[in-house]
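Please open the structure in a viewer and keep the selection panel at hand.

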Amino acid sequence: MTTNGRPAPTDQDTSLAMTDTSPPVTVTDLAIGFPDGPLLLQHTSLSLPTGGITALTGPSGSGKTTLLRALIGALPPGAQVTSGSLEVLGKDVCTLAPDALRALRRHRIAYVGQDPGSALNPRMTAGRLIAEVATDPTPQAVAALMTECRLPEDLAHHRPGALSGGQQRRLALARALARHPDVLLLDEPTAGLDTALRDEIVGLLRRLATDRGIAVLLACHDPHVVEACADTVITLRAPATPHSGTGDPLRKTDRRPVPEPPAAPTDGLRAARLEVAFTHRGHTHQALKEADFHAPPGSATGIIGPSGSGKTTLLRTLAGLQKPDAGTLTWNGRPLPAQARRRNRDQQRRIQLIPQNPLGALNPARTIGASLTRPLQLHRTVSRSEMPARVDALLDDVGLPADFAARYPHELSGGQRQRASIARALATDPDLLLCDEVTSALDPTTATAVMELLTRLRAECRLTLVLVSHELDLITAYTDSVHLLREGRVQPAGAHESVAAQPA
């Protein structure tokens, strides 16, 4: 019997204990790929010291997430270790029996993925999610963990759907720490966090490694985080493909501007006095409070604010995915139904959301090509015979090779999935793109290419952009104006020079 193409373990193999002097994790000349398919990870070696922090860097698609998931024995379906070896706490996780692997994950090694919200049970409260896996499930211990991970105590009674992306990430980190693991694996742990929270999480990781003796391995695109906390930096190289994967952000595309009526409306999307509250078991969290917002046609508007201030809730409400408790929406001066399913097909096509979690936009059962073809069929933006060429053009626009059309979301890195999510939104030829942290999972080169692409489409096709981001350099470089969202209220921060003066 073999597992991932390797011999199955014997009882003697699985009972091996790590010696006191052995590093918690050892990877030797490891390569991972699909049979007769793409290589996911080039030959890589590393050793994690107890009490140290090792950072994985490299372009999107270089195998950072693949390596992290290999260390918990969770390779993408169909992927195999093609060479080399890996040991975690004295065991080869690729050959562990299922019961032994589950025990290792529950008690010794913890993993927080790039899309942590997808791993949180939506029916459980934050407090219960932590207590479920904690070695000490008492309310006092749970509250201490939430405080350590900078989660307000009152969120213990709220479900993940009422939390921001940054809060979900910190909740997943609290769950990981609740097990008191020996090894902590983190995939982009500060993505979607504001600067102050990012620095606090960096300090927390440094304390965890030093005080608890945890071996930490994190995949990260943020050079500040790497510089501030990593003892060792390992840069992965992207496997060679027929296409470089970076794209040409200035290339002219065949995207077809949607014809406008003779007297084109000029008001764009407007929201007035939006109210959104989440209530669970008598506890209410007010996400938006009398929020006003306006995105004029052809503009690029940035939205900044602390994690949990309501930025994602605002975008979801504008997109019709979150019904407001009060307030109104208008599109080009006409009432816009609050719920997307009540909007007509033209309104649905013109307003598109690119979510922070790309898995929310990509059907895991469909290939990337099928996911891009679906909106083309639904909105009839091109003829059936033109659809394959349009799919290829969309992939090229976001810097993905044409053969990615045959891949499934689980076969892509987090950054590649985000680019596929952007391509899917562009497939409808929208007038307005609502972008929620669309570059948080991308390396700097790819992030710049994506923003240049959106900027060019804005100029060529009068595309309107609303951009939520914690990356102030990106906000100032690619938007005309900025709104500050704080405690559910929208405040015009004004010109870019005033952004730097805002409190963190």
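The stops below begin with the whole chain and continue through its sheets, helices and individual residues.

**The whole chain**

Select the entire protein chain, which is a predicted model. The chain has 15 helices and 20 strands. Of its 504 residues, 55% are buried. The chain exposes about 21200 Å², and carbon and sulfur atoms supply 51% of that area. Among contacts between residues at least 6 apart in sequence, 72% join residues at least 24 apart.

**Confidence**

Colour the chain by pLDDT. The mean is 84, and 88% of the residues reach 70 or more. Over residues 242–263 the pLDDT is below 50, and in the model this stretch has 41 contacts beyond near neighbours in sequence. Select residues 1–19 next: pLDDT stays under 50 there, and the model has 31 contacts beyond four places in sequence for them. Among the elements of the chain, strand β1 (residues 2–3) has the lowest mean pLDDT, 36, while strand β9 (residues 215–219) has the highest, 96.

**The parallel sheet**

Zoom in on strand β5 (residues 53–57), which pairs with β9 in the parallel sense over 4 bridges. Leu56 has Ala219 in β9 as its bridge partner.

**The antiparallel sheet**

Move to the open sheet of 4 strands with the order β12-β11-β14-β15, where the pairing is antiparallel. Its edge strands are β12 (283–295) and β15 (334–335), each pairing on one side only. Within the sheet, strand β11 (residues 269–280) and strand β14 (residues 326–331) form an antiparallel pair over 5 bridges. Select Leu269 to find its bridge partner in β14, Trp331. Helix α9 (residues 311–318) lies across β11, β12 and β14, and runs at about 120° to β11.

Stay on β11 and select Arg273, which lies in this strand. Most residues other than glycine have a negative phi. Arg273 is not a glycine, yet its phi is positive, about 55°.

**Strand β16 and its partner**

Select strand β16 (residues 351–354). In a regular strand the side chains alternate between the two faces of the sheet. Here Ile351 and Leu353 point one way, Gln352 and Ile354 point the other way, and all are buried. Strands β16 and β17 run parallel and are joined by 4 bridges. The bridge partner of Gln352 in β17 is Leu433.

**Helices α12 and α14**

Select helix α12 (residues 387–397), whose buried residues include Met387, Val391, Leu394 and Leu395. The buried residues of α12 pack against α11 (368–379), α13 (414–426) and α14 (444–461). Gly399, with a positive phi near 80°, follows α12.

Continue to α14. Its 18 residues should span 26 Å at 1.5 Å a residue, and its end C-alpha atoms are 25 Å apart, which agrees. Among the buried residues of α14 are Ala447, Val450, Leu454, Arg458 and Cys461. Their cover includes β13 (300–304), α12, α13, β17 (432–436), β18 (464–468) and α15 (472–478). Arg462 follows α14 and has a positive phi, near 55°.

**A final loop**

Finish at Glu487, in the loop between β19 (481–486) and β20 (489–494). Its phi is positive, near 55°, in a residue other than glycine. Glu487 counts as exposed because its relative accessibility is 60%, over the 50% cut-off.

Definitions and conventions. Residues are numbered from 1 along each chain as its sequence is written. Side-chain values use heavy atoms; hydrogens and water are left out. Two strands pair if DSSP finds at least two bridges between them. Helices (H or I, at least four residues) and strands (E, at least two) are DSSP runs, numbered from the N terminus. Contact means heavy atoms within 4.5 Å. Axes are lines fitted to C-alpha atoms, for helices over the stretch in contact, and angles run from 0 to 180 degrees between N-to-C directions. Buried means under 20% relative accessible area, exposed over 50%, partly exposed in between (1.4 Å probe, protein chains only). Accessible areas come from the Shrake-Rupley method with a 1.4 Å probe; for residues, only the protein chains shown count as cover. The expected span of a helix is 1.5 Å times one less than its number of residues. pLDDT is the predictor's confidence in each residue, from 0 to 100.
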